[in-house]
Amino acid sequence: MENNIFISHEHAKHICDKMQYGEAKFSERIKLSIRLAWCKLTRTYSKKNSRLTSSIKEAEMNCLKDAEREKLQRQFEKERRKL
Amino acid sequence: MTPNHKIDPNHWITLYSDYLFNYTISRVNDREIAQDLVSETFLSGLKSMDNFRGKASERTWLTSILKRKIIDHYRKINSNMGKAEVRMQYNTASESEGDWLEERVADSFDTTAEGVIENAELGDAIYDCMSKLPKIQARIFKLKTILGYDTETLCNELDITTSNLWVQIHRARTALATCLEKNWFKA
């Protein structure tokens, strides 16, 4: 299936996900483009997926790194014991 | 309204630290200050647990404490700035004499501020949607998408296969896209 230029919708979605992280290979991008050219379902998925990626970029989301969360937890537990 | 939310500080850090941190950093723009404010919020929450009436969720309640912390933070900054000497320079050699007021007053600050607020709200909406994901999906999505871990490191760290990782990412993305569609784009 990997060598086939025509891919399933499920496979196309998988490539589309990888594309969002810049991890799709050149050959995969070609296969996805072919699928996108004729499959409306894949185009809809791709559009939604790209919209999510741009929303996340736009929101400039942040979260704690594991070490930061552990530090927070330690501080919290320390103060909790004092109460 | 009958109180139907319970308070349990044992899970606060796991459940709310990322949401509160994202909420804060999008408003104070400094990682360390954001961590301090979140930490202070949890501590204030602990101290005022008796005031929790259960009418709002724990997260809403903690967010309201955090909002006050952020306001206090800016008040402190502003009072320090008030003590500093303010210097302003006007370009007297401007060719467009008479337009100086508009040029200096009607800058792009307002539109930028609106954009920042909207982005912060979008971030909150994404976190809202992320909180509905199964824990493992939310964790993988966060590490991969927000913290930008590469696939190999993430798989090693979580001891999962690459295909399992992509399955989890796919499920998380599909759920998030649907949730945002419903709660943000159509709202």
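Asn183(B) sits in helix α8 of chain B, which covers residues 162-185. One caution before the details: this is a predicted model. Is Asn183(B) buried, exposed or something in between? The count of other C-beta atoms within 10 Å is 14, so Asn183(B) is partly exposed. If we set aside neighbours within four places in sequence, Asn183(B) is in contact with Ala125(B), Asp128(B) and Cys129(B). Thr14(B) is 169 residues away from Asn183(B) along the chain, and the two C-alpha atoms are separated by 24 Å.

Now chain B as a whole. There are 8 helices and 0 strands, so the order of elements from the N terminus is simply α-α-α-α-α-α-α-α. Chain B has 187 residues, and 24% of them are buried. Take the contacts in chain B between residues at least 6 apart in sequence: 69% of those join residues at least 24 apart.

Two loop residues in chain B deserve a look at their backbone. Most residues other than glycine have a negative phi. Asn29(B) is not a glycine, yet has a positive phi of about 60°. Where is Asn29(B) found? In the loop between α1 (12-28) and α2 (31-47) of chain B. Asn29(B) counts as exposed, because there are 11 C-beta neighbours inside 10 Å and the cut-off for exposed is 12 or fewer.

The other residue is Asp159(B), also not a glycine, with a positive phi of about 55°. Asp159(B) is placed in the loop between α7 (151-158) and α8 of chain B. Asp159(B) has 7 C-beta neighbours inside 10 Å and therefore counts as exposed.

On to chain A, beginning with a pair of helices. Two packed helices are described by the angle between their axes and the distance between the axes. For α1(A) and α2 of chain A, residues 26-38, the angle is about 125° and the axes are 10 Å apart. That angle makes α1(A) oblique to α2(A), and the crossing is left-handed. Which residues make the contact? From α1(A) they are Ala12(A), Ile15(A), Cys16(A), Lys18(A) and Met19(A). From α2(A) they are Glu28(A), Arg29(A), Lys31(A), Leu32(A) and Arg35(A). By class, the contact of α1(A) with α2(A) has 5 nonpolar residues, 5 charged and no polar.

Next, α3(A). The buried residues of α3(A) are Thr42(A), Tyr45(A), Ser46(A), Asn49(A), Leu52(A), Ser55(A), Ile56(A) and Ala59(A). Glu60(A) follows α3(A) and has a positive phi, near 45°.

Last, how do the two chains meet, and how many residues are in contact? On chain A there are 27, facing 30 residues of chain B. The side of chain A that touches chain B draws at least two residues from each of α1 (9-20), α3 (40-59) and α4 (66-82) of chain A. Which helix gives the most to that side? α4(A) does, with 8 residues. Sorted by class, that side of chain A has 10 nonpolar, 6 polar and 11 charged residues.

That is the end of the talk.

Note on methods. Residues are numbered from 1 along each chain as its sequence is written. Chains are lettered from A and ligands numbered from 1 in the order in which they are written. This is a predicted model: local features need pLDDT of at least 70, side-chain atom pairs count only at pLDDT 80 or more; totals for chains, interfaces and linings use all residues. Two residues are in contact if their C-beta atoms, placed from the backbone, lie within 7 Å. Helices (H or I, at least four residues) and strands (E, at least two) are DSSP runs, numbered from the N terminus. Ala, Val, Leu, Ile, Met, Phe, Trp, Tyr, Cys and Pro count as nonpolar, Asp, Glu, Lys and Arg as charged, and the others, Gly among them, as polar. A residue is buried if 20 or more other C-beta atoms lie within 10 Å of its own, exposed if 12 or fewer, and partly exposed in between; C-beta atoms are placed from the backbone. Axes are lines fitted to C-alpha atoms, for helices over the stretch in contact, and angles run from 0 to 180 degrees between N-to-C directions. Angles under 35 degrees count as roughly parallel, over 145 as roughly antiparallel, 65 to 115 as roughly perpendicular and the rest as oblique. A crossing is left-handed if the near helix is turned anticlockwise from the far one by less than a right angle, and right-handed if clockwise.
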